[in-house]
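I opened this notebook to log a few look-ups in one structure.

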Amino acid sequence: MDMAWLVLAAVFIAVHGQNNRNDGPRFLSRGHSFRTVVGDTLLLPCQVQNLGSLVLLWRRGPAVLTAASLMVTRDERFRLVDGYNLQITDVGPQDAGDYVCQISDRVARDQVHTVEVLVPPSVRASPESRHAAARRGGAAVLECRAAGNPVPTVTWHKVVIPMFQNDTNIRLGEGPQLQLSRLERGHSGRYACTVDNGVGTPLVAEFQLQVLYPPEITVERSWVHTGEGFRAELLCTVLADPPAEVTWYQNSFPLSASERITMSARGNNHTLLIANVQPEDFGNYSCVADNSLGRARQHVEVSGRPGPARFTSPPLAKSHTRYTLAFAVDSYPPLDELRLLYRQLAINETFQQPGRWHDVVIPAPEPAGSLTHKVTHELKGLEPGAVYEAIVQAKNRYGWNEVSDIFQFHTLGGTHTAHADELTPMFSSTAQQELTSSAIALALYTVLAQLI
């Protein structure tokens, strides 16, 4: 009996020992690829069955992070959780790579986790001041060097600010550099690069581009009509970068502020206001702008002479042989004299020869009591179905005004039916210029002859 028990015990031990050898340590978890964002906490699983007396290691490359429950690494962000799971807090870009959970037996079985750390975009702008300046006609380069994982895209826009609206972006291109060449005044403004890689919030870096150029001046009116005791306002708009210094001159002499003369600036608009105009205030004025890149000048004449006549009558007559010409003239003093010149235009496709000028002296209208004088004059004995052109000149005590623009009108009847939209195209632009020049020359000659 004792021998039988010994045999049974030996068989049990042999079988149990064999089962232990067959049921060695094995991984319950699996290797996996993890994607995490900078700053997050990451948990790498490592679950082992039947580890026995063997030691479990966490390795990263040649470095050992843990051995059994012992923390080998000095990085306090690493710790074991719920057995042998490795937790990494405050993940950084340097934590990317392969992590190996290894059983320290002769077989050296291991499980590998691959960690990819997603990094939000960052940007390094050039110039660092975010301000660039270049001369008109030159070039400028703006740069946004981006970093992050995945590699960010860089998109460039020009920022436009419509009044009472949100910012509107005009897309210009992609890439780390924005190159602008042949710069013009309109290139000045705000530019932005947007850096995005899908991780976190896109970054926007703004630049201010300053295009430098010499002054440019435009005047509201090159001829300002006024009268004694009234006021005169001269306005010039100055565009310049760097900003220009603006000086007003009268007949080449610089002006200074006084009780009657006021100089002001609002934005790009510069105003010269003359109150209680006196005879010595009439003459030529100039608006002069200077900056480090150059100088500009524009002239304005202040005169008591009448303004040019403005025709108000319709171009199509209501009669075959008559036409009532109506026009308005601005003049502070009463008008002394009016002169009208008109002629018929020949309608011929092969030969365009206008008729002779008719010179008419129109009686001065009664004082209007206002700036604008309205005048009408009836022309008689006209040809039916004909096209005419007219110019007018007016005089007050300060002299004759400039000859008006040519005005064309058409009488009813005839074989040719013309409409208002047919009057101007009847002559080419060159022929029209020649007619205008000859009309003005004749009008001036007539006026001078009369004065002599």
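Where does Pro-242 lie? I found Pro-242 in the loop between β20 and β21 (245–250). Strand labels here follow DSSP: helices (H or I, at least four residues) and strands (E, at least two) are DSSP runs, numbered from the N terminus.

**Ground rules.** I am working with a predicted model, where local features need pLDDT of at least 70, side-chain atom pairs count only at pLDDT 80 or more, and totals for chains, interfaces and linings use all residues. Residues are numbered from 1 along each chain as its sequence is written, and side-chain values use heavy atoms, with hydrogens and water left out.

**Cis peptide bonds.** The bond from Asp-241 to Pro-242 is cis, with omega near 5 degrees. I also logged the bond from Asn-149 to Pro-150, which is cis with omega near 0 degrees. Pro-150 sits in the loop between β13 and β14 (153–160).

**Disulfides.** I searched for sulfur pairs next. A disulfide is counted when two cysteine sulfur atoms lie within 2.5 Å. How many disulfides does a search of the whole structure find? It finds three. With the bonded cysteines numbered in sequence order, the pairing reads 1-2, 3-4, 5-6.

*Cys-46 and Cys-101.* Their sulfur atoms are 1.7 Å apart. The angle about the S-S bond is -60 degrees, and the link of Cys-46 and Cys-101 is left-handed.

*Cys-144 and Cys-193.* The S to S distance is 2.0 Å. The torsion about the S-S bond of Cys-144 and Cys-193 is about -80 degrees, so I noted this disulfide as left-handed. It links distant parts of the chain: Cys-144 is in strand β13 (residues 140–149) and Cys-193 is in strand β17 (residues 189–196), 49 residues apart. Cys-144 is buried because its relative accessible area is 0%. Cys-193 has 0% relative accessibility, so Cys-193 counts as buried.

*Cys-236 and Cys-287.* I read an S to S distance of 2.1 Å. Is the link left-handed or right-handed? With 45 degrees about the S-S bond, the link of Cys-236 and Cys-287 is right-handed. The pair joins distant parts of the chain, with Cys-236 in strand β20 (residues 232–241) and Cys-287 in strand β25 (residues 283–291), 51 residues apart. Cys-236 counts as buried because its relative accessibility is 0%. Cys-287 counts as buried because its relative accessibility is 0%.

**Positive phi.** Asn-50 has a phi of about 60 degrees, positive although Asn-50 is not a glycine. Asn-50 is in the loop between β4 and β5 (56–60). Its relative accessible area is 40%, so Asn-50 is partly exposed. Asn-276 has a positive phi near 50 degrees and is likewise a residue other than glycine. It lies in the loop between β24 (269–274) and β25. Why does Asn-276 count as partly exposed? Because its relative accessibility is 40%.

**Strand β34.** I checked both faces of this strand (residues 407–410). In a regular strand the side chains alternate between the two faces of the sheet. Both faces of β34 are covered. Phe-407 and Phe-409 are buried on one side, and Gln-408 and His-410 are buried on the other. Strands count as paired if DSSP finds at least two bridges between them. Strand β32 (residues 387–396) pairs with β34 in the antiparallel sense over four bridges. Which residue stands opposite Phe-407 in β34? Ala-390 does.

Methods
Buried means under 20% relative accessible area, exposed over 50%, partly exposed in between (1.4 Å probe, protein chains only).
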